[in-house]
Amino acid sequence: MNKVLIVEASESDRRLMSGLLMRAGYEPIAVDKMEAAKDKVAKLPPGAVIVAGHRLPDGSAKELANWQKGEGFSFPVIAIVNNLNGSDLLEVMSDGGAVNVIQRAAIDKQLVETVGKYAKSENIVLQLDNTLIPRSSKAFRKIEQSIERVAATNANCIIFGESGMGKEHIARKIYLQSYRTQKPLMVLEAGGAALVGRHDPESDRSEMFNRIEGYFQEAKGGTLVIKNVQLLTFEKQSVLLHILEQEHPDVRIICTANSALLKMVADETFRDNLFFILRQTSISVPPLRETTEDIPDIADYLLTSHALCVLVQYTGHISTRYIMETTKMMRKQ
């Protein structure tokens with residue numbers, strides 16, 4: 001059960017949000033001030049989400065987001081706003097650290113769906129550098145072969161898999177083995193504030209067009225990794241499709257996605273023409289529960305490289321205790 005920290009001055013809205021989240025299967029924690037929120041943030045488990053009022057009695061959602069980043073926390077912050085205009089919304093998201101916003105009048109309609117975009121499984125807590133951990137399973141050997149195959153081409157690629165399975169590491173490995181390795185690598189989160197654009201009153205383009213086009217210009221000759229591409233709004237999909245079809249940028253795109261993307265294409269909520277451009281080739285990463293023979297390799301790597309690192313659960317079926325005991329047995333053999 002994911003925990004959601006609610007930081008909101010209005011008692012009635014705190015009750016409303018707590019009720020909505022509880023019925024949706026979340027565990028809400030509600031406070032009314034930023035100072036109280038700081039104590040709670042330090043105790044939040046991986047996968048938690050923060051929902052904070054844009055204005056608080058002793059601060060703001062922006063200040064809370066900046067504080068947690070300074071303290072080394074990375075919980076997504078969703079801001080509750082009051083009929084802000086475009087420039088104000090941009091400040092909250094782009095400069096204010098929020099990953100998304102909800103209009104206060106639409107809390108009952110948008111809260112659960114928006115939280116669901118950012119809440120991650122509490123079982124996935126492992127934070128690694130950009131190293132792709134070597135494994136001995138047949139499935140992983142096929143992934144390594146796919147990395148070499150894709151890296152040798154200029155094809156766009158979508159890497160499918162559940163959260164926490166190393167999709168971004170695979171994307172970086174493709175980049176490092178490609179001829180584009182001397183050119184820039186940019187990594188963007190499709191559902192994050194980085195794709196919120198600034199409006200140019202002298203341009204007839206959409207507000208986000210210049211921002212997205214700017215990333216292509218910065219990555220010219222290199223690789224653009226779009227994480228969780230299924231979170232692109234339809235408007236962002238349209239902008240991305242236009243740039244790819246009309247401007248043909250010299251950038252290879254590698255996307256990561258979960259299985260929801262395929263359903264979105266079938267349901268026509270993700271543009272099929274964009275999907276086919278992005279999926280010139282693909283790699284599927286199986287969950288660890290289907291490749292349990294990799295557990296000793298992963299555990300041994302972590303125990304060797306990070307002596308104090310503790311693994312909780314990768315899935316609901318594989319626990320830390322199982323990983324540790326398996327490693328001990330392997331070392332005795």
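1. Conventions. The model is predicted, so local features need pLDDT of at least 70 and side-chain atom pairs count only at pLDDT 80 or more, while totals for chains, interfaces and linings use all residues. Residues are numbered from 1 along each chain as its sequence is written, and side-chain values use heavy atoms, with hydrogens and water left out. Helices (H or I, at least four residues) and strands (E, at least two) are DSSP runs numbered from the N terminus.

2. The open sheet. Five strands, in the order S9-S10-S11-S8-S12, form an open sheet with parallel pairing, where two strands pair if DSSP finds at least two bridges between them. Its edges are strand S9 (185–189) and strand S12 (281–284), each of which pairs on one side only. From one strand to the next the twist averages 15°.

3. Pairing within the sheet. S9 is joined to strand S10 (residues 223–227) by five bridges, the two running parallel, and Val 187 stands opposite Val 225 of S10. S10 in turn pairs with S11 in the parallel sense over four bridges, with Thr 223 having Arg 252 as its bridge partner in S11. Four bridges also join S8 to S11, again in parallel, and here Phe 160 stands opposite Ala 257 of S11.

4. How enclosed is S11? Six of the six residues of S11 are buried, so this strand is largely enclosed by the rest of the structure; buried means under 20% relative accessible area, exposed over 50% and partly exposed in between, with a 1.4 Å probe and protein chains only. Both faces are covered, with Arg 252, Ile 254 and Thr 256 buried on one side and Ile 253, Cys 255 and Ala 257 buried on the other. Helix H6 (residues 138–151) lies across strand S8 (157–160), strand S11 (252–257) and S12, and runs at about 160° to S12. Such angles run from 0 to 180 degrees between N-to-C directions, the axes being lines fitted to C-alpha atoms, for helices over the stretch in contact.

5. Helix H5. The twelve residues of H5 (residues 107–118) reach 16 Å from the first C-alpha to the last, close to the 16 Å expected at 1.5 Å a residue, the expected span being 1.5 Å times one less than the number of residues. Its buried residues are Ile 107, Leu 111, Thr 114, Val 115 and Tyr 118. They cover an arc of only 100° around the axis, which puts them on the same side of H5; the arc is that of the directions from the helix axis to the C-beta atoms. Lys 109 and Glu 113, on the other side of H5, are exposed. The buried residues pack against strand S1 (3–7), helix H1 (11–23), strand S3 (49–53), strand S6 (77–81) and strand S7 (100–103), where contact means heavy atoms within 4.5 Å.

6. Helix H1. The end C-alpha atoms of H1 are 18 Å apart, which agrees with the 18 Å that its 13 residues should span at 1.5 Å a residue. Among its buried residues are Asp 13, Arg 14, Met 17 and Leu 20, and the buried residues of H1 pack against S1, strand S2 (27–31), S3, S6 and H5. Just after H1, Gly 25 takes a positive phi of about 100°.

7. Helices H2 and H3. The axes of H2 (residues 34–41) and H3 (residues 61–70) come within 11 Å and cross at roughly 35°. Met 34, Ala 37, Lys 38 and Val 41 of H2 make the contact with Glu 63, Leu 64, Trp 67 and Gln 68 of H3.
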